[in-house]
Amino acid sequence: MKVAVLGAGISGLAAGWKLQNLSHEVVVYESSGRAGGKIKTDRVDGYLLESGPHAIMPSYNALMDALPGLGLMDSYIEAGDEGRNRFICLDGRPVPLPMGPGRLLSTPLLSARAKLRLLKEPFVAPHPDDESVAAFFTRRVGPEIVTRLIDPFISGVYAGDPDKLSVASAFPIFKGFERDGGSLIKGAVKRMLSARKNRPAGQPREKRRRNMYSFRQGLSQITAALAERLGGQLLLNSPVEEIQKKGDRWSVNGEAYDAVISTLPAFKWAALNGDLFPQNGPEYCSVTVVHLAYPKSAVKARTDGFGMLIPAVENRKILGLLFDSSLFPDRAPEDQHLFTIFMGGARNRWTTDKTLAELIEIAQAEVAGLMIIEEGMPPLFSRAHRWTHAIPQYDMGHPAAVKRMDDFEAQQHNFVLAGNYRNGISVGHAFESGLDAVERLLPKMDA
Ligand SMILES: Cc1cc2nc3c(=O)[nH]c(=O)nc-3n(C[C@H](O)[C@H](O)[C@H](O)COP(=O)(O)OP(=O)(O)OC[C@H]3O[C@@H](n4cnc5c(N)ncnc54)[C@H](O)[C@@H]3O)c2cc1C
């Protein structure tokens, strides 16, 4: 079977690689001059710069299982235990995020009233319908926890607006806890007990990796390894410009295929072929990523962690920052701290009117205050990258959008959709979506 895969982000590369392993003829079309999409690592002047994702959660088994076959285990690196420290900005200073129930009760991030409200969570009645993330958590744990903890978490994952995102789509695990256990706490305990019960008798608990991971030369090592295996079957600088159904087959840029897997971002669908693709895919927000480096001796705030997220009530101009040089080795010269600052997102559209130079200047002023940089110390290095369509927003219309995608696939038996706009935005989700697309396509083709 001859299959066209559209797009060479992690989802398209995963789909192409799986088809190749199953000995199908595959051609992967990529409009830009490099594979990887949002995964973008650059080595510049002794710094390793991630302009997209920085680290992957170890819980995505399909990706973890693929790493040895891709020859990546020698370069695999995990964030040290320090990397599990996360900070939340409170009155302009980093305060550790409480990681356990005991710490939650003692944290200065929450008032005594908010902590008491949390104790009521197991007794709050469940709600059967979808709600916004803000409405769901306000109902379950109270407004202050939403403002101080949930809001910055949403900025960190989706750069999104908690009043608009759908909890069922953006955080299905929490909605699942409520549905299955009646509350977040009871649902989490129930799931843990059921995992324990389903473990075969006598089998010891699998030692799970807990820390986020990357590779010595950054996350682009994954996409480079996949691209290398695809070899001449990956066409760079080859934008898909025309796609048409021709009888039972498809024509992509004039070439005939038995089937198509599209991983093109949903915002591209209308311009490419508005009559073909499902209508009204998710909206995307813009995010600008700024890198700044300072001498370690000039930084007086705590840097022993993953980074700091900033609640909207703090009225800052940045969403948060990662402490790259604390997270993984060799990200910057030994005596320097490298920070990655995130700006923009669904609630800060003003950033799209600013030049990159202006955004670097704003980021610099914010970081100088937040990280207590020695007065007058300029960064030793600065650079910025803007993603105009960075992250799809799973808003309240998302379940209906996913239904339209499912209906589309049911109608077009040899055309399937994969990518981060459907069932999860992380690198692990996107990788799985590429593999799953192949799994859905092949039985249809045999039928
Ligand atoms: C700033 C940022 C930080 C992030 N941080 C994390 C993180 O720390 N951890 C995590 O797990 N996830 C993170 N993510 C999310 C994750 O990186 C993405 O969701 C994932 O990489 C998307 O993969 P994809 O293949 O679905 O889409 P994309 O990477 O967008 O790939 C789509 C590809 O299609 C190509 N294309 C577009 N139009 C055409 C055309 N006409 N013809 C041919 N090709 C075309 C594009 O050039 C691109 O290569 C982050 C995302 C961003 C933007």
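Which residues are buried in helix 6? In this predicted model, local features need pLDDT of at least 70 and side-chain atom pairs count only at pLDDT 80 or more, while totals for chains, interfaces and linings use all residues. Residues are numbered from 1 along each chain as its sequence is written.

The buried residues of helix 6 are I145, V146, R148, L149, I150, D151, P152, F153, I154, S155, G156 and Y158, a residue being buried if 20 or more other C-beta atoms, placed from the backbone, lie within 10 Å of its own. Because 12 of its 16 residues are buried, helix 6 is largely enclosed by the rest of the structure; helices are DSSP runs of H or I with at least four residues, strands are runs of E with at least two, and both are numbered from the N terminus. Helix 6, spanning residues 143-158, has a kink of about 35° at I150, shortly before the proline P152, where the bend is the angle between axes fitted to the seven residues ending at a residue and the seven starting there.

The ligand lies between domain 1 (2-39 + 61-67 + 220-282 + 395-446) and domain 3 (284-392), because both give residues to the shell around it; the domain bounds come from an automatic or database domain assignment. The centres of these two domains, taken over C-alpha atoms, are separated by 33 Å. Helix 1 (10-21), strand 14 (284-295), strand 18 (381-392) and helix 15 (427-446) each supply at least two residues of the shell.
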